[in-house]
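Trainee: I would like to work through this model with you, one question at a time. May we begin once the structure is displayed?

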Amino acid sequence: MAQQPLELILLRQLASYLAVPIWVADAEGNLIYYNEPAEGVLGRRFDEAGEISLAEVGGLFEICDQDGNPMPPNELPLAVALFEGRPTHGKVKMRGFGKPWMRVDVTAFPVEGQGGRVLGAAVLFWEIAAS
Amino acid sequence: MNVKLWGTRGSVPSAGHDFVRYGGNTSCVEVQAQEGWVTVLDAGSGVRALGETVGPEITRVDLLLSHLHMDHIQGLGFFAPLFTPDLDVHIWGPASTTLDMRERLARYLSPPLFPVLLRDLPCKLTLHNTPLGNFEVGSLSVEADLICHPGPTLGYRITEGGRTLAYMPDHEPALGFRSFQPEKEWTSGFKLAEGADVLIHDAQYTNDEYEGKIGWGHSALSHTLILAKAAAVGRLVTFHHDPAHTDAQLDQFHADAELECGEIDVPLIPGQEGLTLKV
């Protein structure tokens with residue numbers, strides 16, 4: 001594994017101290033870190049699972065809009081932040097494998113370094129209520 | 001490639017008889033390689049004396065700044081090559097997210113902090129925003145990367161003839177770790193240090209001091225040793241000594257570190273002003 005850019009290293013360090021569930025993705029969309037509060041969303045511990053590839057992430061949870069309609073992959077918050085390079089915020093329903101549906105507020109933002117280097121994205125979750 | 005330490009002190013110069021062996025000048029390292037070419041890492045107060053050794057046989061000077069905190073640029077206004085008409089001088093350093101090197105450096109080299117303006121220097125001055133990644137400085141292959149320290153800060157990895165020097169004078173790779181166990185993928189500066197023949201690295205604090213200064217951007221000596229071991233460096237040179245640490249204290253800290261970290265198989269060289277070594 002190559003060393004991650006400093007910005008992602010610092011973001012991971014910060015996330016590891018916060019109580020808000022956070023995912024950190026690299027520029028390809030691979031989930032390179034998620035903190036302890038986010039382990040509940042994915043249903044697996046980061047220390048055990050490690051990095052999760054973009055292809056694998058989609059199989060770990062279901063996500064739909066507030067009305068229960070499936071969301072196209074390119075409209076998912078992580079995809080918007082990463083591939084459109086802009087922050088996004090919205091309310092969605094999601095559930096990890098074998099878990100109940102949760103209504104959550106999701107904020108995703110791109111991580112851009114000096115000189116326009118696209119380094120990845122972060123996704124934050126706030127659970128509204130279980131349903 | 002040969003290396004000479006012209007300033008090893010951190011934060012602010014220290015004067016007096018208690019600071020003679022390790023030296024009181026702030027960060028400055030000379031890298032001697034190609035003839036007729038002087039390469040300098042940082043322009044702390046140590047760069048003044050270095051500048052006096054630059055004779056007419058020198059046709060180009062390259063100064064690589066790790067960052068623009070005062071202890072790394074305070075010698076610039078007293079660096080003779082900058083005042084040598086038509087001498088080719090290149091200064092490299094990190095841009096910020098909004099300002100380039102010229103704008104950032106001009107904040108110091110302008111009144112009221114300094115009477116001479118950057119644009120009035122008589123040398124042939126070229127300023128570079130150091131690119132992240134690889135570039136050439138004469139016969140030296142240089143790799144630059146951002147490292148953990150407040151504000152844009154670079155570490156350098158310099159290679160010539162298969163031998164490598166890594167330089168990270170201000171660096172806190174242990175920030176955020178509950179117990180510092182460096183992993184290659186998630187440790188600031190690891191890539192620059194990995195397998196280097198010589199690592200010159202921040203070792204400003206004792207373990208006790210570090211506990212009160214987490215986030216200040218510097219390392220405890222023990223962290224530096226742990227990083228050096230994990231990155232499998234050949235030799236470790238301690239650097240950026242705290243301005244309050246006397247020669248006697250620094251001798252003791254190095255001796256203690258070797259006892260505490262006895263299993264770390266990396267030769268530890270106390271960074272003292274005037275030290276020269278072949279990489």
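**Chain architecture and interface**

Mentor: From the N terminus on, chain A runs through its elements as α-β-β-α-α-α-β-α-β-β-β. Please keep in mind throughout that this is a predicted model.

Trainee: How many helices and strands does chain A have?

Mentor: The order of elements, α-β-β-α-α-α-β-α-β-β-β, can be read symbol by symbol from the N terminus. Sorting these symbols by type gives the count for chain A: 5 helices and 6 strands.

Trainee: What radius of gyration does chain A have, and with what does it agree?

Mentor: The C-alpha trace of chain A spans about 40 × 30 × 25 Å along its principal axes. A compact globule with 131 residues would have a radius of gyration near 14 Å, and the value for chain A agrees with this: 14 Å.

Trainee: Why is chain B described as being as compact as a globular protein of its length?

Mentor: Chain B has 6 helices and 14 strands. Its C-alpha atoms fill a box of roughly 50 × 40 × 35 Å, taken along the principal axes. The description holds because the globule rule gives 19 Å for 279 residues, and the radius of gyration of chain B is close to that, at 18 Å.

Trainee: Which three residues supply more of the area that chain B buries against chain A than any other three?

Mentor: The contact involves 22 residues of chain B and 18 residues of chain A. The area buried between the two chains is about 1,700 Å², with carbon and sulfur atoms giving 55% of it. Of the part that chain B buries, 44% comes from three residues: B:Leu146, B:Glu185 and B:Trp186.

Trainee: How many residue pairs are in polar contact between chain B and chain A?

Mentor: On the side of chain B that touches chain A, β8 (140-146) and α3 (190-193) each supply at least two residues. The residues of that side divide into 10 nonpolar, 6 polar and 6 charged. With both residues at pLDDT 80 or more, the polar contacts between the chains number 6 residue pairs.

**Sheets, a salt bridge and backbone geometry**

Trainee: Which strands form the edges of the open sheet in chain B?

Mentor: This sheet has 7 strands in the order β7-β8-β9-β10-β11-β12-β13, with mixed pairing. Within it, β11 (residues 198-202) and β12 (residues 235-239) of chain B pair in the parallel sense over 5 bridges, and B:Ile200 stands opposite B:Val237. An edge strand pairs on one side only, and this applies to β7 (133-137) and β13 (268-269) of chain B.

Trainee: Which residue in the turn between β4(A) and β5(A) has a positive phi?

Mentor: Strands β4 (residues 88-96) and β5 (residues 102-112) of chain A pair in the antiparallel sense over 7 bridges, with A:Thr88 opposite A:Ala108. The two strands form a hairpin with 5 residues between them, and the turn residue with a positive phi, about 75°, is A:Gly98.

Trainee: Which residue forms a salt bridge with A:Arg117?

Mentor: Side chains of opposite charge can pair when their charged atoms come close. For A:Arg117, the closest N and O atoms of the pair are 2.6 Å apart. The pair links distant parts of the chain, 110 residues apart, with A:Arg117 in the loop between β5 and β6 (118-130) of chain A and its partner in helix α1 (residues 6-17). That partner is A:Glu7.

Trainee: Which two residues does a cis peptide bond join?

Mentor: Most residues other than glycine have a negative phi, and most peptide bonds are trans. B:Asp42, in the loop between β3 (37-41) and α1 (47-51) of chain B, has a positive phi of about 70° although it is not a glycine. The cis bond has an omega of about 5° and involves a residue in the loop between α2 (101-106) and β6 (124-129) of chain B; the residues joined are B:Pro111 and B:Pro112.

Key: Residues are numbered from 1 along each chain as its sequence is written. Chains are lettered from A and ligands numbered from 1 in the order in which they are written. Side-chain values use heavy atoms; hydrogens and water are left out. Contact means heavy atoms within 4.5 Å. Buried area is the accessible area (1.4 Å probe) that two parts lose on being put together, summed over both. A polar contact is a pair of N or O atoms within 3.5 Å; within protein, one must be able to donate a hydrogen and the other to accept it, and residues adjacent in sequence count only if both atoms are side-chain atoms. Helices (H or I, at least four residues) and strands (E, at least two) are DSSP runs, numbered from the N terminus. Ala, Val, Leu, Ile, Met, Phe, Trp, Tyr, Cys and Pro count as nonpolar, Asp, Glu, Lys and Arg as charged, and the others, Gly among them, as polar. Two strands pair if DSSP finds at least two bridges between them. The radius of gyration is taken over C-alpha atoms; the globule rule is 2.2 Å times the number of residues to the power 0.38. A salt bridge is a side-chain nitrogen of Lys or Arg within 4 Å of a carboxyl oxygen of Asp or Glu.
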